[in-house]
Amino acid sequence: MTAAWLESLATRSPQQAAAGLDGDFAIAVREPSGRTVLAVDRFAIRTLCYRIHEGRLRFAERADQLADATSNVDPQAIFDYLYFHAIPSPRTVFDNVHRLPPGHCAWFEDGVLHVEPYWTPRFEPASRASFDELKAEFRQLLHQAVARQLDGSVPACFLSGGTDSSTIAGLIGEVAGRPAAAYSIGFEAEGYDEMEYARIAARRFGSTHHAYYVTPDDLVASIPEAAAGLDQPFGNSSTLPAFICARNAHRDGITRLLAGDGGDELFGGNSRYAKQRVFDAYAGVPSPLRGVLEGSLLHTPLGRLPLARKGASYVEQARVPMPDRLQIYNLLLRLGTERVLTPNFRAAIDVSSPLAQQQAVWKAADAASPIDRTLAYDWRYTLAENDLPKVREATRLADVEVGFPLLDTDLLRFSMRLPAHYKLRGFTLRWFFKEALRGFLPDEIIAKKKHGFGLPFGVWALRNPGLRELAFDSLASLARRDIVEPAFIDELRDRRLAEHPGYYGEMVWVLMMLEQWLEQNGRRSTVAASA
């Protein structure tokens, strides 16, 4: 690929050359002219970080490969982590190291660095869509995508029991000519386990099913190891179950796992898509009626009455434009930055920066329908900055390769041609995907609600002494760094976690993993002091 791309760069701009590449890639070349050109794929499945040092561009796969004694922890990156539970590109945790955003290229010439997108989502839905024709094309593209990801080793996949992973498990059997080795994770906690759906899929497709139930002791043993192996803080709690799952596969001799990530975001499967449609409908309410509703529900005691509270909440959220509305329930913002963060740390950051970046990404997509624009937004923040790093880092820690068939470039292009009402029909999520695979997937899986490898961390932290000790010791250590208010940490530990383990457990996890990363990577000074 490098030689062909170098030849392409001789006659085309870096953006044009990168746009001609398909699949997942991270590519860097130094041309005979001395120019250095970098590019990553449309979802940043593969990554490149870069740094200008002593007048030269340095690059590597990971941020920590470019950091040195002069690399301070960036307070703004830590704030971004607390806001997103990840650090979105182009920032990294180090103030002098950056990560190339998805669908971007960069070139360094005459001492000047240019970073530009070579691709932004452009939706061109077919005006006349034949379901049968689209179904046939879709099924063919799925087979092709899975075939491209198989490398001749034992065919294997993650299997959560959801629509996407079950589809991959079934297609592996058809493409490879033998059933997949399927790896699943369960939790012995009410409301968190969906192993039965994984078993249904495994039986349907004849997969060799490897099921494992994660325990709190597994987390105690794995958390420091995972934190030490990450190149920057990462707060998606599903990373640990995915790591344990991939490690079990590695112990069985598996060298590559296929993952089902991407189906929800390409074909309209997340519950918030239907929820936002409800709020978008408010724009169609005549302006005089909106004035009456807002006046009575938001500015009078009526809105505080039990029966009117939901109406007031609806109006309040519907008035907020997208994508700002998606952050109404942001955990950090709901708890309050002044309550959570110390004054010194707040003085070192720009609290408006994350939303400004999200607004720019929202506006960049070429999409006529709200659902398509929301999908494009999720390609950046749900996939490229969160779910894909989760699986990529989990498998890397386990020494297993990973492939994402549902993010195949041809499937991506197909999804951008698919009419919006085929993705979200009324309030029915991923209508086309499910109908096109009806008869192939078990009916129980088509009808089930999305769940995934959710982790019952808050519940376990209350019940398991070892996990509780690890979490609380991490919080106590973080309280000395002048990032998070000690009083908030005390409140979280002593009261809030027991009140609502699911909700406040997420914040405990995010703070614990921040401290674990800082500690495991030798960052002992306070972040605020290094700003």
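Helices (H or I, at least four residues) and strands (E, at least two) are DSSP runs, numbered from the N terminus. The structure shown is a predicted model, in which local features need pLDDT of at least 70 and side-chain atom pairs count only at pLDDT 80 or more, while totals for chains, interfaces and linings use all residues. Residues are numbered from 1 along each chain as its sequence is written, and side-chain values use heavy atoms, with hydrogens and water left out.

View 1. Asp372 is found in helix H17, which covers residues 370-397. Its relative accessibility is 3%, so Asp372 counts as buried (buried means under 20% relative accessible area, exposed over 50% and partly exposed in between, with a 1.4 Å probe and protein chains only). Once neighbours within four places in sequence are left aside, Asp372 is in contact with Phe123, Ala367, Ala420 and Lys423, where contact means heavy atoms within 4.5 Å.

**View 2. The pair formed by Trp119 and Trp379.** A search of the whole structure finds 23 aromatic pairs; rings of Phe, Tyr and Trp (its six-membered ring) pair if their centres lie within 6.5 Å, and planes under 30 degrees apart count as stacked, over 60 as edge-to-face and the rest as tilted. Trp119 and Trp379 form a stacked pair, with 6.3 Å from centre to centre and 15 degrees between the planes. Because Trp119 lies in the loop between strand E7 (112-117) and helix H4 (131-149), whereas Trp379 lies in helix H17, this pair ties together parts that are 260 residues apart in sequence. Both Trp119 and Trp379 are buried.

View 3. Tyr422 belongs to helix H19 (residues 420-423) and Phe432 to helix H20 (residues 431-436), so the pair ties together parts that are 10 residues apart in sequence. Tyr422 is buried, with a relative accessible area of 7%, and Phe432, at 0% relative accessibility, also counts as buried. One aromatic cluster is formed by Phe131, Phe138, Phe267, Phe414, Tyr422, Trp431, Phe432 and Phe433.

**View 4. Charges over rings.** Arg380 lies over the face of Tyr381, at 5.8 Å from the ring centre, and the charged end of Lys448 sits over the ring of Tyr197, 5.1 Å from its centre. A charge sits over a ring if NZ of Lys or CZ of Arg is within 6 Å of the ring centre and within 35 degrees of the ring normal.
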